Amino acid sequence: MAIINLRDYYPFYTSDCFMEVSEEVAEMFKEFDRKEAAYRLRTYRHKAYYSLDRDDGLEHEAVFVSLSPHELYERKISMQELHAAISSLPDKQAKRIYAHFILGMTKKDIARAEGADEKVVRVAIERGLKNLEKYLKKFL
């Protein structure tokens with residue numbers, strides 16, 4: 001077991017907070033530090049503070065901001081809650097909401113695919129959203 005200082009890894013820690021973690025976790029933190037230092041050195045050496053558009057990934061790495069483990073966990077939990085809420089809906093409402101918001105289909109396309117009137121699809125989506133709101137308020 002290794003002991004790490006959380007203040008070194010998380011900016012919101014203002015004082016030292018030591019924690020005992022497994023060797024694998026400690027090695028993962030060290031590897032992250034090495035990769036971050038290598039990235040900073042690479043951008044400094046190549047003066048890559050602007051777009052070179054060479055398709056070597058440098059531009060993507062400079063623009064892409066990775067999420068913290070806490071943010072990733074929150075996003076995972078939110079998606080699980082959303083899937084639970086959608087699965088609590090009646091079958092047609094769930095399918096229509098999924099098709100409209102996840103697949104990006106228009107209400108007209110959904111109506112055409114189902115052989116239904118567009119107004120029926122629109123009303124079903126509106127009712128489904130109200131049911132989702134009730135479900136999420138009830139369980140959150």
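## Contacts between two helices

Contact here means that heavy atoms lie within 4.5 Å, and helices are DSSP runs of H or I with at least four residues, numbered from the N terminus. In this predicted model, local features need pLDDT of at least 70 and side-chain atom pairs count only at pLDDT 80 or more, while totals for chains, interfaces and linings use all residues. Residues are numbered from 1 along each chain as its sequence is written, and side-chain values use heavy atoms, with hydrogens and water left out.

Arg 96, Ala 99 and His 100 in α4 meet Lys 107, Ile 110 and Glu 114 in α5. The two helices α4 and α5 pack at an angle of about 135°, with their axes 10 Å apart, where axes are lines fitted to C-alpha atoms over the stretch in contact and angles run from 0 to 180 degrees between N-to-C directions. Angles under 35 degrees count as roughly parallel, over 145 as roughly antiparallel, 65 to 115 as roughly perpendicular and the rest as oblique, and α4 and α5 are therefore oblique to each other.

## The nonpolar core

A nonpolar core is a set of buried Ala, Val, Leu, Ile, Met, Phe, Trp, Tyr and Cys residues joined through side-chain atoms within 4.5 Å, and buried means under 20% relative accessible area with a 1.4 Å probe, protein chains only. The largest such core has 11 residues, including Ala 99 and Ile 110, and α3, α4, α5 and α6 each supply at least two residues of this core. A second, separate core of six residues includes Ala 2, Leu 6, Val 21 and Phe 29.

Notes:
Buried < 20%, exposed > 50% of the residue type's maximum accessible area, 1.4 Å probe, protein only.
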